[in-house]
Amino acid sequence: MSTRKTSLEAQITALGNRLNAMEDRRQSLQQLEANIAIRQAELDQLNSRIQFGSGLAGEVMENEAKLQYLKAQCQQLLTERQNLEGLINQLRIEQQQLSRSLEEQTAQYTSLVQKQPEVEAIERQIFHLRLEKKELELEKERLEHSVSTQQPYFKDPLQTLKMPWWSETEIPNTFSGTNSNEAEFLKGFHTYVQKSGFYFPARTIAAFHTSLKVQGISALVILSGISGTGKSELPQLYAKYMGAQFLMLAVQPRWDSPQDLLGFYNYMENQFKATPLTRSIYQYNHSPKWQDRIALVLLDEMNLARVEYYFSEFLSKLESRRHHDAYLDIDLGNLTLPEGERRLKIPPQFLFVGTMNEDETTQTLSDKVLDRANVITMSRPLKLYLGNQGNAPELGGGGLSYHQFKSWCKLPNPSNPLVRELERLLTQTNQIMEDMGHPFAHRVYQSVVNYIVNYPGVGDNLTAAALAALADSFAQKILPKLRGVIIEDERTMDNLDRLGSIVSGLGDSALTAAFAKARQGYQFQWLGISYDV
């Protein structure tokens, strides 16, 4: 279609050139007409001279011959002029037709571009339906087997829960050598992403990696943004590179309770209907082979349904893991089972990531969820990358152990110069936030400090890496609290100016630009920062 549009534009340009050439010839014709008038005047003079003497007769005859020639040439030019004017009119008609055709083709192209998000949404639905179809086919096979053997398939009410989700043959060996070093791991992962045909800014990768490290206090990483920015691909690539078990949960719009995520007890069948999440958690609880393996759980398009309905209770349990072990209580009605069967420990090896599309079909997140999560905005890229079309490179058979991963996690030291400086800056910021009616408390402060001290390259002082991590925290934890604040009085504008001074003092161009954009309207509209800046 783009080629057709270019061809039409080239034809229109050629027709314009022909019109210009014809206009030049018309001007030449007018000049010839002027010359004829001059010749006619000369002829009149000659006729006058004939009256004065017969000696001029020969000259008169010669001039008359010239006049006849000029008249014939003039007539020929007039004929050509008429032909050219007819051709010009015809070309103008063709130009109008081509212009209308070009407009129609442009409208069709625009319509196709506008329908692209709808096509992508349908493709995602097809993918999710295929997953459901596969699960239903497996369930059908199990039930048919039960009927064919004329034996009750379910003897144990926890039978579905005890079905392993992952094969134990999938457990990889641990990495060795430089891959156990965090800096080398991140460098290798960045190379792996590029060779796999994807592009993510180094800052996005650092923010994602750091957010996973601090899930003890920020229990969820949320990748938010428009469709097509790689929100689902980044966790999958990360899990594959580190050799972690990967579990994708396709959130459905109908989810409205924790049972959709964790399963429920069917009293009619006397069976607990387990989900992939509870099956994988049960497997980690009862198999020692998995204790040093990381599992990454992805809630894909988690805001298709109300997150507070199906995930809020589970998120609270995840957050409590930083103080003590967290457990899921399996609802089995009045069945008497040992406590070890009724309660499942949520393994600390499980890391949770969610993706959010920003469109009219999705739900917004409450402050309760945002306070317990790190939200990384994957905005429209400033530069589009084609990427390679090859397959992902082969990885070794090893994987990163949970023990190695935990060794990279740091706890803040209150006497550290960096921590003291962060306390000063965040206290100053919180005073401004309180003046605006949106202060933050210990959870946010602890989340910010933990994030910064665990950010790659951060040491004991407020270096460039620490400032970048602090800018991330402003974008993820602090500035979202001001969403919807009405900017109408002098006091609010003064507080935003004070907050803007702190933001600009961090020296982060992406954060400064995003803050300036957020306060342009009549209310504060925080949309996150672009990690591509």
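Five bridges join strand E6 (residues 295–300) to strand E9 (residues 350–357), and the two strands run parallel. Within this pairing, Leu299 has Gly354 of E9 as its bridge partner. Strands count as paired if DSSP finds at least two bridges between them. Helices (H or I, at least four residues) and strands (E, at least two) are DSSP runs, numbered from the N terminus.

The model is predicted: local features need pLDDT of at least 70, side-chain atom pairs count only at pLDDT 80 or more, and totals for chains, interfaces and linings use all residues. Residues are numbered from 1 along each chain as its sequence is written, and side-chain values use heavy atoms, with hydrogens and water left out.

E6 and E9 belong to an open sheet of five strands. The order is E3-E6-E9-E2-E10, with parallel pairing. Strand E3 (245–250) and strand E10 (373–378) stand at the edges; each has a single partner strand, so one side of each is left without a neighbour in the sheet. Neighbouring strands are turned by 20° against each other on average, direction ignored.

Strand E2 (220–225) pairs with two strands of the sheet, E9 and E10. The pairing of E2 with E10 is parallel and spans six bridges. Here Leu223 has Ile376 of E10 as its bridge partner. The pairing of E2 with E9 is also parallel, over five bridges. E2 is mostly covered, with six of its six residues buried. Buried means under 20% relative accessible area, exposed over 50%, and partly exposed in between (1.4 Å probe, protein chains only). Both faces of E2 are covered. Leu220, Ile222 and Ser224 are buried on one side, and Val221, Leu223 and Gly225 on the other.

Helix H5 (residues 202–213) lies across E2, E6, E9 and E10, and runs at about 165° to E10. Helix H8 (residues 276–286) lies across E3, E6 and E9, at about 155° to E3. Axes are lines fitted to C-alpha atoms, for helices over the stretch in contact (heavy atoms within 4.5 Å). Angles run from 0 to 180 degrees between N-to-C directions.

Aromatic pairs were then counted. Rings of Phe, Tyr and Trp (its six-membered ring) pair if their centres lie within 6.5 Å; planes under 30 degrees apart count as stacked, over 60 as edge-to-face and the rest as tilted. By this rule the count comes to 22 aromatic pairs. The rings of Trp166 and Tyr284 have centres 6.1 Å apart and planes at 75°, so this pair is edge-to-face. The pair links distant parts of the chain, 118 residues apart. Trp166 lies in the loop between helix H3 (159–162) and strand E1 (173–174), whereas Tyr284 lies in helix H8. Trp166 is buried at a relative accessible area of 7%, and Tyr284 is buried at 2%. Tyr284 also forms a tilted pair with Trp290, at 5.6 Å centre to centre and 35° between the planes. Trp290 is buried as well. One aromatic cluster includes Trp166, Tyr284 and Trp290, along with Phe350 and Phe352.

Glu182 is buried, with a relative accessible area of 16%. A polar contact of 2.8 Å joins its side chain to that of Lys213. A polar contact is a pair of N or O atoms within 3.5 Å; within protein, one must be able to donate a hydrogen and the other to accept it, and residues adjacent in sequence count only if both atoms are side-chain atoms. Leaving aside neighbours within four places in sequence, Glu182 is in contact with His209, Lys213, Trp408 and Asn454.
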